[in-house]
Amino acid sequence: MATTSAPVTAEIPAPRPLARRRARPGDAVFHAAVLGALLIALAALAWLLVSVVTKGASALTWDFLTSRTSSRASRAGFLNALKGSVVLMMITIAVAVPLGFAAATYLEKFAPLSRDELRVISRRRRRALADRRAAGTIGGIRLLVARLGVAFSALWARIGPPLTTFVEINLSNLAAVPSIIYGLLGLALFVQIMGISKSLLAGGLTLAVLVLPIIIIASREAIRAVPRSIEQGAMALGATRWQAVRRQVLPAALPGMLTGTILAMSRAIGETAPLVVVGGVAFGTALPSLNPLNAADEPLYAMPLQIYTWVDQPQQGVWGPKAAAGIIVLLVTLVVMNLVAIWLRNRFTRRW
Amino acid sequence: MTTEPLPPAGLRARRFRPAEQGVVLLLAAAATVSVLVAVGIVFTLVEEGAGFWGSVSPWDFFTGTEWFPVDRVYGVLPLLSASVTIAVLAAIVAVPIGIGSAIYLSEYAGERTRRIVKPILELLAGMPTIVLGFFALESVTPALQDIGILGRDQLYNALSAGIVVGLLIVPLIASLSEDAFRAVPAAMREGAYGLGATRRVVATRIVFPAALSGVMASIVLALSRAIGETMAVTLAAGTQPNFTADPTEPMQTITAVIVAVSKGEATRGTELYESIFAIGLVLFAVTMLINIAAVALVRRFRTVYL
């Protein structure tokens with residue numbers, strides 16, 4: 001007891017002062033390297049734009065935009081290509097947008113969601129059928145129909161979910177198929193099998209098939225971004241699923257779907273390869289009409305096709321500036337479309 | 001057995017609405033169109049090219065080192081090797097630039113820089129390939145001639161095609177890799193910083209290994225894009241089938257042959273017409289295999305962080 005516990009004074013070493021971070025040459029080099037990588041990419045883009053503009057600026061006149069194409073470089077204009085591209089876009093939108101939006105709506109809101117969910121539905125139907133038979137309220141042809149319904153829902157629970165998975169994998173694969181393969185599809189299907197001439201119509205249909213997977217994927221994302229509670233709220237108030245989707249979900253998702261559509265169109269408007277394969281390179285200088293109903297008889301003109309024809313000419317000294325001027329017009333169109341898409345996204349997208 | 005009571009009068013069973021069922025069926029029909037497109041692609045490639053396999057033996061086709069349709073010599077190897085050579089050149093250009101940009105954007109750049117730079121990179125990604133072909137022919141090839149890599153007389157070559165296709169796939173690699181880097185949880189970075197790691201160490205030892213599967217997938221997808229690329233290689237690499245790996249030589253890829261033949265309006269039923277569907281089938285199979293490999297890669301090596 002007397003042994004007073006003398007406070008043990010241990011020798012606590014004074015903490016080493018935190019070493020100031022040494023400048024490591026490796027860090028600075030790495031930083032410079034990754035920044036350099038980004039700058040190289042941006043510089044290449046700048047080089048591309050500058051070289052196109054310096055080559056094409058002199059040829060980009062009002063006459064160039066308003067005169068038809070010609071076999072003489074001094075007179076060749078871009079009007080055929082402009083009109084052709086407008087008609088192509090009209091056909092592509094008219095075909096791909098309704099199909100794409102409908103497919104996206106189905107896949108996102110009506111396609112079999114999960115096997116369990118479907119099994120529950122099928123079991124519930126079977127029980128309801130048994131109940132009503134026991135209560136004697138069902139017979140004859142109605143019984144047959146009800147039994148068919150039960151059988152169908154049981155079958156759907158089995159094949160529906162794998163089918164949806166298959167369609168989804170299929171979509172992402174389609175988006176990665178090279179565009180020239182779509183050209184071969186268009187050539188075989190529209191031109192050879194269906195007998196449409198090598199025209200704006202065949203080209204527009206090919207581009208529609210090309211952008212369909214892109215539109216579906218983008219629209220699905222836009223629909224998915226609308227919270228389920230919106231739809232559930234509508235259904236709780238008595239709306240059917242279709243009413244809820246039609247009146248609540250789709251209007252909310254529309255800006256996103258349109259943004260995706262514009263981006264898909266900006267892909268379509270620059271595509272060259274499928275059009276070359278479907279339509280060859282147009283000869284002659286007749287101007288196509290802007291009426292899409294005549295498209296089956298109009299030769300296939302489009303901005304990228306016209307540029308390709310000009311780049312492919314032997315005397316690049318005279319044709320090069322024409323091609324560059326065409327590229328400027330095409331790039332301005334693309335930038336405008338992208339700006340509209342960005343504006344639409346920022347203006348109308350709601351945060352939930 | 002007692003039956004369950006029927007629902008109270010207020011809650012009627014939902015009425016069957018035939019019009020709505022009809023609408024849903026229409027929507028489902030639209031969804032099946034996408035499947036039909038895939039079926040149509042395979043069907044047309046096989047069916048239109050069917051006659052070709054009858055007249056040209058598959059063995060000669062897959063092992064032939066010469067493509068010379070005028071003499072009815074169809075060997076796919078020079079075309080395939082050209083496609084692969086240009087894709088590899090593109091990857092050599094694009095992988096360092098793309099991954100470097102992705103590391104900079106995700107680990108070094110501030111929010112504002114990223115907001116400005118990403119749309120610009122997307123502009124590069126959306127560049128029509130005809131523009132890149134023009135750029136290769138009019139700017140890249142002359143520049144390569146000026147610095148002496150190419151001779152003055154070498155207008156068409158695989159190298160400038162590879163460089164511009166590389167530029168095309170840089171944004172693809174950069175944006176997919178950046179997504180993968182940003183998916184790495186912040187806690188892992190902070191743990192490393194807490195132990196005194198510098199940004200370089202965090203980027204190379206923590207973030208990069210953790211995101212490796214995503215980075216690999218982005219490279220593989222970019223390769224598939226490069227192999228299917230058409231206009232830039234048609235314009236820049238020339239229209240001369242050539243079984244070589246020398247990047248300064250002109251080459252003709254699978255896609256370039258398809259363009260060259262269809263420009264000349266081959267009529268249906270001729271061997272030449274059928275040949276573009278046959279090589280189209282090869283191209284389709286190669287890109288599909290690469291895409292499947294990408295998906296498998298992600299699934300196999302993905303690390304899930306909770």
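Trainee: Leaving out residues up to four places away in sequence, which residues does B:Val56 touch?
Mentor: Bear in mind that this is a predicted model, where local features need pLDDT of at least 70, side-chain atom pairs need pLDDT 80 or more, and totals for chains, interfaces and linings use all residues. Residues are numbered from 1 along each chain as its sequence is written, chains are lettered from A and ligands numbered from 1 in the order written, and side-chain values use heavy atoms, without hydrogens or water. Contact here means heavy atoms within 4.5 Å. Past those sequence neighbours, B:Val56 touches B:Phe61, B:Tyr74 and B:Glu271.

Trainee: Where in chain B does B:Val56 lie?
Mentor: Helices are DSSP runs of H or I with at least four residues, strands are E runs of at least two, and both are numbered from the N terminus. By that count, B:Val56 lies in the loop between helix H2 (50-55) and helix H3 (58-63).

Trainee: Is B:Val56 buried or exposed?
Mentor: The cut-offs are under 20% relative accessible area for buried, over 50% for exposed, and partly exposed in between, using a 1.4 Å probe and protein chains only. B:Val56 has 9% relative accessibility, so the label is buried.

Trainee: How far apart are the C-alpha atoms of B:Val56 and B:Arg72?
Mentor: Along the chain, B:Val56 and B:Arg72 are 16 residues apart.

Trainee: Over in chain A, which residues does A:Ser219 contact, leaving aside neighbours within four places in sequence?
Mentor: A:Ser219 sits in helix H7 (residues 200-224). A:Ser219 is buried because its relative accessible area is 0%. With those neighbours set aside, its contacts are A:Phe101, A:Ala104 and A:Met257.

Trainee: And which chain B residues are in contact with A:Tyr182?
Mentor: A nonpolar core is a set of buried Ala, Val, Leu, Ile, Met, Phe, Trp, Tyr and Cys residues joined through side-chain atoms within 4.5 Å. The largest one has 190 residues, and A:Tyr182 is among the members touching the most others. On the chain A side, the contacts of A:Tyr182 include A:Leu174, A:Val177 and A:Pro213.

Trainee: What radius of gyration does chain A have?
Mentor: Chain A has 12 helices and zero strands, and its C-alpha atoms fill a box of roughly 110 × 95 × 35 Å along the principal axes. The globule rule is 2.2 Å times the number of residues to the power 0.38, with the radius taken over C-alpha atoms. For 352 residues, a compact globule would be near 20 Å, but chain A has 31 Å.
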